[in-house]
Amino acid sequence: MKIHRRGVRAALLSLAVACAFAVAPACAQQSAPTAADAAKVYGSFTLDSKILGETRRINIYAPPGYAEQGRDRHPVLYMPDGGLQEDFPHVADAVDRAIAAGAIAPMFVVGIENTQRKRDMTGPTEVAEELKLAPTLGGSAQFRAFIRDELIPQVERRLRTQSRRGIVGESLAGLFVAETFLREPRLFDVYIAISPSLWWNRDALLTQAPALLRDRRKALPARTLRLYSADEDNIAPQTQRLADLLRAQAPAGLAWEYRPRPDLSHGTIYRAVEDEAIRAAFAAPSPAPRK
């Protein structure tokens, strides 16, 4: 797969138009395209998924200086809501800024473009109002299997990756990040859940969290989890509950932090905290002192 410069400005302009008519939380995060967004280096490929029974488009940001022929290897940040008309451009831009500032080591961003967002990001639900949200729900386990068994191997074949990888998501995608951390913590090293929709199915994941944390205790050390919430009556209290559980049960070696941001809204928090979240979670090691 070639990593190349493309007409991102045009794609982002269409994003602004599309999001004007959209109701998905991912679109709510977007603002007007910037010159920095338009200059990003990216590539894309499609992946025919047997697990999902559909073709998925995958977008790739490569760090500056990365070439097809070389020996350098880099960590990978995966993200749902990863289309060019979703959250991929501004997350890739945040990573690019952090690399340029020397705050993190060079890394890839892998964006998974949505097809049925509510299906992929949610677990099962018994709540009548939630069942009306989409024709198909509760596919998070299948989506996780797609990432684990099809996408990650494909990315590792196409790119010179390191074993270290993370995932970032907001709203329903944040719910998916939190669920993956609790159910399959070894899948990623870094988890960033921004305003996770932990209210899903009457807080079902939170109800299961104490047992999940006990059962997966040995897999949690050396992992990093960052949690954020905005001024959200149906998200901030649940995220605080998860933080309280972690405070009581997290094993030594799990690096986690909860950062409530009541000064922000659900529509502004992703862009507002992504720089801090990415830099804190992937902080470049300090140089050794000179002798």
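Author: K50 is exposed, since its relative accessible area is 78%, and the term exposed applies over 50%, buried under 20% and partly exposed in between (1.4 Å probe, protein chains only). The model is predicted, so local features need pLDDT of at least 70 and side-chain atom pairs count only at pLDDT 80 or more, while totals for chains, interfaces and linings use all residues. Residues are numbered from 1 along each chain as its sequence is written, and side-chain values use heavy atoms, with hydrogens and water left out.

K50 belongs to the loop between β2 (41–49) and β3 (54–61); strands (E, at least two residues) and helices (H or I, at least four) are DSSP runs numbered from the N terminus. Although K50 and F146 stand 96 residues apart along the chain, their C-alpha atoms are separated by 8.4 Å.

Two further residues concern the backbone. D81, in the loop between β4 (74–79) and α4 (88–100), has a positive phi of about 55° although it is not a glycine. D81 counts as buried because its relative accessibility is 0%. R202, in helix α9, also shows a positive phi of about 55° without being a glycine. R202 is exposed, as its relative accessible area is 58%.

Helix α9 leads on to its packing with α8. The angle between α8 and α9 is about 25°, and their axes lie 10 Å apart; axes are lines fitted to C-alpha atoms over the stretch in contact, and angles run from 0 to 180 degrees between N-to-C directions. The two helices, α8 and α9, are therefore roughly parallel to each other, a term for angles under 35 degrees.

Two or more lining residues come from each of α7 (140–158), α8 (172–183) and α9 (200–215). Of the elements, α9 gives the most, with five residues. The space in this largest pocket is about 210 Å³, a volume being that filled by probe spheres set on the grid points, joined across faces, edges and corners. A pocket is an open set of points on a 1 Å grid where a 1.4 Å probe fits, with protein on both sides within 12 Å along at least five of seven lines, and lining residues have an atom within 4 Å of a point.

Technical notes:
Parallel < 35°, antiparallel > 145°, perpendicular 65-115°, else oblique.
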